[in-house]
Amino acid sequence: MSRPKLDRTDLRILSEIQRDGRISVVELSRRVNLTKTPCAERLKRLEADGVIVGYFAQIDPRMVNAAHVVMVQVQLRGTTAAELDAFNSAVKRVPEVQSCHMVAGGYDYLLKVRSRDIDDYRQSLGEVISKLPGVLQTHTYVVMETVKDDPTVSIPRP
C-alpha cells in the first residue's frame, strides 16, 4: 500500500482530530485556517486513503473495572508462517489483550493485558492466554504504575 502525500494542512487536521475526534467540521476548519467545504473534503480524503482508520472514545479503565495491567512475554513452540498466523488470529479474539506486538529477541510476542485484578488475570492466563495456539511459555510483568500510555500517534509538526 502506498502512503498518500500529506501536506502541512493535512498534518494539522490529523493533529486536531486526534486531539478531539468529536470536533465539528466548522471548528476544525477554523483551527486549520480553511473554509468548511475544503476542510470536509480533506477529511473525507484522509478517511478514504486509510490515513484515518476510525474514531473512538477514550475510556477510563478504572471506571469499567479494568485498571489492572500486565505485560506478558510469549514464546511460541515454533515460528513458521502457519504457527504465527494461528497465534495472530487467536490472540485478536481475546478481549483482555489490549495490544499484541510480535517482537525480535528472546521471546516472540509482547502482550498488554487488562483485567479486573490479579485473580482475574490469573484466570485469563490459565484458561485463555496459555492455551493460545503454539504457546510454549509466558512471563508476566505486573504494571505497578502507568507513567505514560498515549493512544495517539506522534504527528510531525507542520
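This report describes salt bridges in a predicted model.

## Salt bridges in the whole structure

A search of the whole structure finds 13 salt bridges, and three of these pairs are described below together with the exposure of their residues.

## Glu-16 and Arg-31

In the salt bridge between Glu-16 and Arg-31, the closest N and O atoms lie 2.9 Å apart. Glu-16 belongs to helix 1 (residues 8–19) and Arg-31 to helix 2 (residues 25–31), so this pair ties together parts that are 15 residues apart in sequence.

## Arg-114 and Asp-149

A salt bridge also joins the side chains of Arg-114 and Asp-149, with a distance of 3.8 Å from N to O. This pair links distant parts of the chain, since Arg-114 sits in strand 3 (residues 109–115) while Asp-149 is found in the segment after strand 4 (135–142), 35 residues apart.

Arg-114 is buried, its relative accessible area being 17%, and Asp-149 is partly exposed, with a value of 40%.

## A network of shared partners

Salt bridges that share partners bring Asp-7, Asp-10, Arg-42, Arg-45 and Asp-49 together in one network. Within this group, the side chains of Asp-49 and Arg-45 meet in a salt bridge with an N to O distance of 3.9 Å. Asp-49 is partly exposed, with a relative accessible area of 34%, and Arg-45 is likewise partly exposed, with a relative accessible area of 29%.

Notes
Residues are numbered from 1 along each chain as its sequence is written. This is a predicted model: local features need pLDDT of at least 70, side-chain atom pairs count only at pLDDT 80 or more; totals for chains, interfaces and linings use all residues. Side-chain values use heavy atoms; hydrogens and water are left out. A salt bridge is a side-chain nitrogen of Lys or Arg within 4 Å of a carboxyl oxygen of Asp or Glu. Helices (H or I, at least four residues) and strands (E, at least two) are DSSP runs, numbered from the N terminus. Buried means under 20% relative accessible area, exposed over 50%, partly exposed in between (1.4 Å probe, protein chains only).
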